[in-house]
Amino acid sequence: MGRGPGHLLERGLVARLWDGGHDVAVDTIEVADAPPAEVRTAFDVNRLLAAAAREATNSGALPLVLAGNCNTAVGTLGGLGRSDVGVVWFDAHGDFNTPETTVTGFLDGMALALVTGRCWRAVAASVPGFEPVSPEHVVLVGARDFDPAERAALESTAVTLVPPDVVHERGTAAALEPHLAALRAGVRRLYLHLDLDVLDPREATANQFTAPDGLTITEVADALRLIARRGPIAAAALTAYDPSHDPDDRALNAAFQLLYVLVEEVGRSQTSP
(Lines give C-alpha, C1' and ligand atoms only; values in the text may rest on other atoms or scores of the structure.)
Protein backbone atom coordinates (compact mmCIF):
# COMPACT_ATOMS: atom_id res chain seq x y z
CA MET A 1 0.00 0.00 0.00
CA GLY A 2 2.99 2.27 0.47
CA ARG A 3 3.43 2.15 -3.31
CA GLY A 4 -0.06 3.49 -3.92
CA PRO A 5 0.56 7.25 -3.70
CA GLY A 6 3.49 7.16 -6.11
CA HIS A 7 1.56 4.94 -8.51
CA LEU A 8 -1.36 7.37 -8.58
CA LEU A 9 0.99 10.23 -9.40
CA GLU A 10 2.95 8.26 -12.00
CA ARG A 11 -0.27 7.28 -13.76
CA GLY A 12 -1.34 10.89 -14.20
CA LEU A 13 -3.47 12.03 -11.27
CA VAL A 14 -2.03 15.56 -11.23
CA ALA A 15 -2.53 16.00 -14.98
CA ARG A 16 -6.16 14.92 -14.67
CA LEU A 17 -6.80 17.49 -11.96
CA TRP A 18 -4.97 20.20 -13.91
CA ASP A 19 -7.04 19.36 -16.99
CA GLY A 20 -10.13 19.94 -14.85
CA GLY A 21 -8.95 23.47 -14.07
CA HIS A 22 -7.51 22.80 -10.60
CA ASP A 23 -4.12 24.10 -9.47
CA VAL A 24 -2.11 21.29 -7.89
CA ALA A 25 1.18 21.32 -6.00
CA VAL A 26 2.79 18.05 -4.85
CA ASP A 27 4.66 17.84 -1.56
CA THR A 28 6.25 14.46 -0.78
CA ILE A 29 6.57 13.58 2.92
CA GLU A 30 9.42 11.19 3.67
CA VAL A 31 11.56 10.28 6.66
CA ALA A 32 15.07 8.84 6.61
CA ASP A 33 14.54 5.81 8.81
CA ALA A 34 16.37 2.61 7.97
CA PRO A 35 15.25 0.17 9.05
CA PRO A 36 11.82 1.68 9.75
CA ALA A 37 10.04 1.03 13.03
CA GLU A 38 6.30 0.97 12.51
CA VAL A 39 5.16 3.07 15.47
CA ARG A 40 8.06 5.53 15.59
CA THR A 41 8.20 6.02 11.83
CA ALA A 42 4.43 6.50 11.59
CA PHE A 43 4.52 9.35 14.06
CA ASP A 44 7.63 10.86 12.48
CA VAL A 45 5.67 11.01 9.23
CA ASN A 46 2.65 12.46 11.02
CA ARG A 47 4.69 15.30 12.50
CA LEU A 48 6.01 16.25 9.06
CA LEU A 49 2.55 15.86 7.54
CA ALA A 50 1.01 18.17 10.15
CA ALA A 51 3.39 20.95 9.10
CA ALA A 52 2.66 20.40 5.40
CA ALA A 53 -1.11 20.30 5.95
CA ARG A 54 -0.95 23.47 8.04
CA GLU A 55 1.02 25.25 5.30
CA ALA A 56 -1.50 24.19 2.67
CA THR A 57 -4.43 25.29 4.83
CA ASN A 58 -2.85 28.66 5.58
CA SER A 59 -2.33 29.25 1.85
CA GLY A 60 -6.01 28.59 1.15
CA ALA A 61 -5.39 25.22 -0.51
CA LEU A 62 -7.07 21.89 0.21
CA PRO A 63 -4.70 19.40 1.87
CA LEU A 64 -5.35 16.22 -0.11
CA VAL A 65 -3.26 13.40 1.34
CA LEU A 66 -2.33 10.28 -0.63
CA ALA A 67 -1.13 7.72 1.90
CA GLY A 68 -0.43 4.04 2.18
CA ASN A 69 -1.97 3.88 5.62
CA CYS A 70 -4.85 5.43 7.52
CA ASN A 71 -3.02 6.64 10.61
CA THR A 72 -1.81 9.66 8.62
CA ALA A 73 -5.17 11.12 9.64
CA VAL A 74 -3.44 12.16 12.89
CA GLY A 75 -0.99 14.35 11.00
CA THR A 76 -3.62 15.82 8.72
CA LEU A 77 -5.87 16.68 11.64
CA GLY A 78 -2.87 18.17 13.43
CA GLY A 79 -2.36 20.46 10.45
CA LEU A 80 -5.94 21.69 10.78
CA GLY A 81 -5.04 22.57 14.33
CA ARG A 82 -8.34 23.08 16.14
CA SER A 83 -10.99 20.98 17.84
CA ASP A 84 -13.86 22.13 15.58
CA VAL A 85 -13.36 19.34 13.04
CA GLY A 86 -15.65 16.39 12.43
CA VAL A 87 -14.63 13.23 10.60
CA VAL A 88 -16.36 11.24 7.87
CA TRP A 89 -14.40 8.00 7.52
CA PHE A 90 -14.96 5.58 4.60
CA ASP A 91 -13.41 2.18 5.23
CA ALA A 92 -14.12 -1.53 4.95
CA HIS A 93 -12.80 -1.89 8.50
CA GLY A 94 -13.47 -0.30 11.85
CA ASP A 95 -9.83 0.75 12.43
CA PHE A 96 -10.87 0.84 16.09
CA ASN A 97 -8.54 -1.70 17.66
CA THR A 98 -6.11 -0.71 20.41
CA PRO A 99 -2.90 -2.42 21.58
CA GLU A 100 -5.10 -4.23 24.13
CA THR A 101 -7.68 -5.54 21.63
CA THR A 102 -5.68 -6.17 18.45
CA VAL A 103 -4.98 -9.78 17.52
CA THR A 104 -2.47 -8.85 14.78
CA GLY A 105 -0.53 -5.92 16.23
CA PHE A 106 -1.22 -3.97 13.01
CA LEU A 107 -0.92 -0.26 13.84
CA ASP A 108 -3.12 0.79 10.96
CA GLY A 109 -5.98 -1.22 12.43
CA MET A 110 -5.92 1.35 15.24
CA ALA A 111 -6.17 4.48 13.06
CA LEU A 112 -9.66 5.62 14.04
CA ALA A 113 -8.99 4.69 17.67
CA LEU A 114 -5.94 6.96 17.45
CA VAL A 115 -7.98 9.79 15.98
CA THR A 116 -10.52 9.57 18.81
CA GLY A 117 -7.89 9.34 21.55
CA ARG A 118 -8.47 5.73 22.58
CA CYS A 119 -4.81 4.71 22.31
CA TRP A 120 -1.24 5.95 21.78
CA ARG A 121 -2.27 9.22 23.40
CA ALA A 122 1.18 10.30 24.57
CA VAL A 123 2.92 9.90 21.21
CA ALA A 124 -0.08 11.30 19.31
CA ALA A 125 0.21 14.42 21.47
CA SER A 126 3.69 14.93 19.98
CA VAL A 127 2.08 15.69 16.60
CA PRO A 128 1.80 19.50 16.49
CA GLY A 129 -1.78 20.71 16.58
CA PHE A 130 -3.39 17.29 17.00
CA GLU A 131 -6.35 17.02 19.34
CA PRO A 132 -8.45 13.85 19.60
CA VAL A 133 -11.80 14.05 17.86
CA SER A 134 -14.85 13.36 20.00
CA PRO A 135 -16.45 10.04 18.94
CA GLU A 136 -19.80 11.80 18.57
CA HIS A 137 -18.18 13.83 15.78
CA VAL A 138 -17.24 10.76 13.72
CA VAL A 139 -19.33 9.06 11.02
CA LEU A 140 -17.91 5.71 9.86
CA VAL A 141 -19.28 4.74 6.44
CA GLY A 142 -19.11 1.39 4.68
CA ALA A 143 -17.38 -0.65 7.39
CA ARG A 144 -18.29 -4.34 7.51
CA ASP A 145 -15.19 -6.26 8.64
CA PHE A 146 -14.55 -6.11 12.40
CA ASP A 147 -12.70 -8.05 15.05
CA PRO A 148 -15.15 -9.00 17.85
CA ALA A 149 -13.51 -6.76 20.48
CA GLU A 150 -13.28 -3.95 17.95
CA ARG A 151 -17.00 -4.13 17.18
CA ALA A 152 -17.81 -4.13 20.89
CA ALA A 153 -15.64 -1.06 21.39
CA LEU A 154 -17.34 0.76 18.52
CA GLU A 155 -20.78 -0.09 19.84
CA SER A 156 -19.83 1.31 23.24
CA THR A 157 -18.98 4.74 21.82
CA ALA A 158 -20.88 7.54 20.12
CA VAL A 159 -19.28 6.87 16.73
CA THR A 160 -22.02 6.69 14.09
CA LEU A 161 -21.76 3.60 11.89
CA VAL A 162 -23.45 3.54 8.48
CA PRO A 163 -22.92 0.03 7.03
CA PRO A 164 -23.10 -0.70 3.31
CA ASP A 165 -26.42 -2.51 3.47
CA VAL A 166 -28.09 0.62 4.85
CA VAL A 167 -26.73 2.66 1.94
CA HIS A 168 -27.88 -0.01 -0.54
CA GLU A 169 -31.38 -0.19 0.95
CA ARG A 170 -32.11 3.47 1.63
CA GLY A 171 -29.97 5.20 -0.97
CA THR A 172 -26.97 7.38 -0.28
CA ALA A 173 -28.79 10.58 0.62
CA ALA A 174 -31.33 8.98 2.95
CA ALA A 175 -28.65 6.89 4.66
CA LEU A 176 -26.20 9.74 5.26
CA GLU A 177 -28.09 13.03 5.34
CA PRO A 178 -29.43 12.82 8.93
CA HIS A 179 -25.99 11.89 10.29
CA LEU A 180 -24.24 14.62 8.33
CA ALA A 181 -26.76 17.16 9.58
CA ALA A 182 -26.16 16.07 13.17
CA LEU A 183 -22.40 16.15 12.64
CA ARG A 184 -22.41 19.65 11.18
CA ALA A 185 -24.48 20.88 14.12
CA GLY A 186 -21.50 20.17 16.37
CA VAL A 187 -18.50 21.07 14.19
CA ARG A 188 -17.44 23.79 11.77
CA ARG A 189 -15.29 21.79 9.33
CA LEU A 190 -14.91 18.24 8.07
CA TYR A 191 -12.02 15.88 7.45
CA LEU A 192 -12.93 13.30 4.82
CA HIS A 193 -11.04 10.02 4.92
CA LEU A 194 -11.40 7.60 2.00
CA ASP A 195 -9.80 4.19 2.42
CA LEU A 196 -10.23 2.74 -1.05
CA ASP A 197 -11.10 -0.70 0.28
CA VAL A 198 -14.51 0.66 1.21
CA LEU A 199 -15.39 -0.29 -2.36
CA ASP A 200 -17.00 -3.59 -3.20
CA PRO A 201 -14.25 -5.83 -4.67
CA ARG A 202 -16.61 -6.78 -7.50
CA GLU A 203 -16.07 -3.20 -8.70
CA ALA A 204 -12.46 -2.65 -7.62
CA THR A 205 -9.93 -4.46 -5.44
CA ALA A 206 -7.84 -1.90 -3.60
CA ASN A 207 -5.66 -4.13 -1.41
CA GLN A 208 -5.30 -7.54 0.21
CA PHE A 209 -7.62 -6.59 3.08
CA THR A 210 -10.66 -5.89 0.89
CA ALA A 211 -13.89 -7.35 2.29
CA PRO A 212 -16.96 -8.40 0.29
CA ASP A 213 -20.25 -6.51 0.06
CA GLY A 214 -18.87 -2.98 0.02
CA LEU A 215 -20.07 0.26 -1.50
CA THR A 216 -20.25 0.88 -5.22
CA ILE A 217 -18.20 3.59 -6.89
CA THR A 218 -21.41 5.44 -7.66
CA GLU A 219 -22.51 5.31 -4.02
CA VAL A 220 -19.19 6.71 -2.82
CA ALA A 221 -19.20 9.43 -5.49
CA ASP A 222 -22.74 10.43 -4.49
CA ALA A 223 -21.66 10.49 -0.85
CA LEU A 224 -18.72 12.77 -1.63
CA ARG A 225 -21.02 15.22 -3.39
CA LEU A 226 -23.40 15.19 -0.44
CA ILE A 227 -20.62 15.71 2.10
CA ALA A 228 -19.08 18.56 0.11
CA ARG A 229 -22.44 20.33 0.09
CA ARG A 230 -22.65 19.83 3.85
CA GLY A 231 -18.98 20.90 4.26
CA PRO A 232 -16.77 22.73 4.31
CA ILE A 233 -14.27 19.94 3.76
CA ALA A 234 -11.06 21.24 5.32
CA ALA A 235 -8.84 18.29 4.33
CA ALA A 236 -9.16 14.87 2.75
CA ALA A 237 -7.19 11.69 2.23
CA LEU A 238 -7.19 8.67 -0.04
CA THR A 239 -5.43 5.69 1.50
CA ALA A 240 -4.66 1.97 1.29
CA TYR A 241 -4.38 1.51 -2.47
CA ASP A 242 -2.02 -1.32 -3.37
CA PRO A 243 -1.35 -1.42 -7.14
CA SER A 244 -0.12 -5.02 -6.95
CA HIS A 245 -3.71 -6.09 -6.21
CA ASP A 246 -5.09 -4.05 -9.11
CA PRO A 247 -3.88 -5.73 -12.33
CA ASP A 248 -6.79 -4.40 -14.39
CA ASP A 249 -6.54 -0.79 -13.09
CA ARG A 250 -10.12 -0.80 -11.88
CA ALA A 251 -9.12 0.51 -8.45
CA LEU A 252 -6.79 3.05 -10.05
CA ASN A 253 -9.56 4.39 -12.23
CA ALA A 254 -11.96 4.41 -9.28
CA ALA A 255 -9.44 6.45 -7.29
CA PHE A 256 -9.08 8.92 -10.15
CA GLN A 257 -12.85 9.25 -10.50
CA LEU A 258 -13.49 9.72 -6.79
CA LEU A 259 -10.64 12.19 -6.27
CA TYR A 260 -11.84 14.22 -9.24
CA VAL A 261 -15.38 14.29 -7.84
CA LEU A 262 -14.04 15.33 -4.45
CA VAL A 263 -11.85 18.16 -5.74
CA GLU A 264 -14.53 19.36 -8.15
CA GLU A 265 -17.19 19.47 -5.44
CA VAL A 266 -14.91 21.18 -2.91
CA GLY A 267 -14.04 23.79 -5.53
CA ARG A 268 -17.69 24.30 -6.37
CA SER A 269 -18.65 24.70 -2.71
CA GLN A 270 -15.92 27.31 -2.21
CA THR A 271 -17.17 29.44 -5.11
CA SER A 272 -20.91 29.10 -4.43
CA PRO A 273 -22.60 32.18 -2.93
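Trainee: Which strand is included in what covers the buried residues of helix H7?

Mentor: The model is a predicted one. Helix H7 spans residues 148-155, and its buried residues are Glu150, Ala153 and Leu154. What covers these residues includes strand S3 (138-141).

Trainee: Why do the buried residues of H7 line one face of the helix?

Mentor: The residues in question are Glu150, Ala153 and Leu154. On the other side of H7, Pro148 and Glu155 are exposed. Seen down the axis of H7, the buried residues line one face because they fall within an arc of 100 degrees.

Trainee: Is leucine 196 buried or exposed?

Mentor: Leucine 196 sits in the loop between strand S5 (189-195) and helix H10 (217-230). Beyond its neighbours within four places in sequence, leucine 196 is in contact with residues including Ala206, Tyr241 and Leu258. The relative accessible area of leucine 196 is 0%, and the cut-off for burial is under 20%. Leucine 196 is therefore buried.

Trainee: What distance separates the C-alpha atoms of leucine 196 and leucine 238?

Mentor: Leu238 is one of the residues in contact with leucine 196 when neighbours within four places in sequence are left aside. Along the chain the two leucines are 42 residues apart. Their C-alpha atoms are separated by 6.7 Å.

Key:
Residues numbered from 1 in each chain as written. Predicted model: local features only at pLDDT ≥ 70, side-chain atom pairs only at ≥ 80, totals over all residues. Heavy atoms only, no water. Buried < 20%, exposed > 50% of the residue type's maximum accessible area, 1.4 Å probe, protein only. Helix = DSSP H or I, 4+ residues; strand = E, 2+ residues; numbered from the N terminus. Arc of directions from axis to C-beta. Contact = heavy atoms within 4.5 Å.
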